[in-house]
Structures are given as C-alpha cells and as structure tokens.
Amino acid sequence: MLDTTLDIAPLANYLGFLALVCYILTLLPTSMRIVFPQTKQTEIRKILLKNRREIGVIAFVLALGHGVLLVAKRTLDFTESHTYWIYVQGIVTFIIFTLLTITSNDWSVKKMKKNWKKLHELTYLALFLLVWHIINKMWGHWTHLTPFGMVGIIGIAVLFIARKWKERQNQLSK
C-alpha cells in the first residue's frame, strides 16, 4: 500500500528559516548603527527600523507555523515533562516571541512605558536560545537551509556581542 501522507517537515523548515530571517532583520538596525556608525543614514537601515515591529510580527507568525507543523508531525505529548526538556529552547523562545508580539503596538508602548523596553530586551535572550535551538535540532541532519540559518544566527549573535562590547567601551571612556 502506498503512503499518501504529506511530509510537512520541509515546509516547517522553510517557515522556520523565513522566521529566522525576519527576526534577524529586526535586530540588524540597532546593532549595525552602534558597531558600524557609518550605516546610520543608510536607506535599508531606515526601512528596517521603521518596519521593525511589523517584521517581528511576521517572524512570529512564521515561527508559529513552524512550531505547529513540527508539533503535528511529531505528535508531541505535552503532558510529559520529557517533551519540555527536549524542546525547552523552542518553547521558551516561542513564549518570548509571543510576549513581544502581543506588545508590539503603540497602545502597549504607551501603557507599559519603561517596562515595554525592558520586556522587549528579552529578544536578546531569544537570540541565544535560537542559536542553541538551531544547533541542537539540526545537528546531524542539516538541510540545504541550515548553513544559511547558522551563518545568519551566529552572525547576528556576534554582531550583538560586538555591539555590547562597544557600548561598554563607550561607557568606560566617559
């Protein structure tokens, strides 16, 4: 008998990769401005900065699709604690992205004031969780997208570390 079930893993991988690209685009403007000040007035940086929240929401929707498809394919049992341990990076990252998406609007910025910025700094925790998530989940069975995803997420993580180092150097020199 022929198996007529559709393999949804490739679609899930594409959605995860596109979510990652959108997420990286949300992180680029600030880190680029600090690490490479000459990029401050570039048009692409201005466009990314202006549309950062929308791009972040798109990243969330794509990540949601990625997660839903993989949960469906693997028929995960969320009543078992073992499931949470295996997928902790993805689950915590998804929770962070959910909070960030829910509060990515002017009303939340207005109501939360300084706390909005503090909450949205969780994105940097998500950044390092994603590095772990991609390495952990793709190790040993890379697709053609994995090298690009790895270069992207490690590249933005290194850029973020360079940003923090430069900010620290600027504080110390004052």
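**Close-up views of a predicted helical model**

**Overview and confidence of the chain.** The protein chain averages a pLDDT of 88, with 94% of the residues scoring at least 70; pLDDT is the predictor's confidence in each residue, from 0 to 100. This is a predicted model, in which local features need pLDDT of at least 70 and side-chain atom pairs count only at pLDDT 80 or more, while totals for chains, interfaces and linings use all residues. Residues are numbered from 1 along each chain as its sequence is written, and side-chain values use heavy atoms, with hydrogens and water left out. The chain holds nine helices and zero strands, where helices (H or I, at least four residues) and strands (E, at least two) are DSSP runs numbered from the N terminus. Where pLDDT is low, the predicted coordinates should not be read in detail.

**The largest pocket.** This pocket has a volume of about 880 Å³ and is lined by 34 residues, of which His66, Gly67, Leu70, Gly90 and His133 lie nearest its centre. Two or more lining residues come from each of α1 (9–35), α3 (52–74), α5 (88–102), α8 (122–138) and α9, and the largest share, nine residues, is that of α3. By class, the lining has 21 nonpolar, 11 polar and two charged residues. A pocket is, on a 1 Å grid over the protein atoms alone, an open set of points where a 1.4 Å probe fits, with protein on both sides within 12 Å along at least five of seven lines, and lining residues have an atom within 4 Å of a point.

**The second largest pocket.** Here the volume is about 650 Å³, and Arg52, Trp116, His120, Thr123 and Tyr124 lie nearest the centre among the 24 lining residues.

**The Arg53–Asp106 salt bridge.** Arg53 forms a salt bridge with Asp106, the closest N and O atoms being 2.7 Å apart; the term requires a side-chain nitrogen of Lys or Arg within 4 Å of a carboxyl oxygen of Asp or Glu. Because Arg53 lies in helix α3 and Asp106 in helix α6, the pair ties together parts that are 53 residues apart in sequence.

**A nonpolar surface patch.** Ile135, Trp139, Trp142, Ile154 and Val158 form this patch, with about 520 Å² of accessible area together (Shrake-Rupley method, 1.4 Å probe; patch residues have over 30% relative accessible area and no salt bridge, nonpolar side chains being joined within 5 Å). Val158 is placed in helix α9 (residues 146–172).

How values were computed: Patches are made of residues with over 30% relative accessible area and no salt bridge: like charges are joined within 9 Å, nonpolar side chains (Val, Leu, Ile, Met, Phe, Trp, Tyr) within 5 Å. Grid points are joined across faces, edges and corners, and a volume is the space filled by probe spheres set on the points. Ala, Val, Leu, Ile, Met, Phe, Trp, Tyr, Cys and Pro count as nonpolar, Asp, Glu, Lys and Arg as charged, and the others, Gly among them, as polar.
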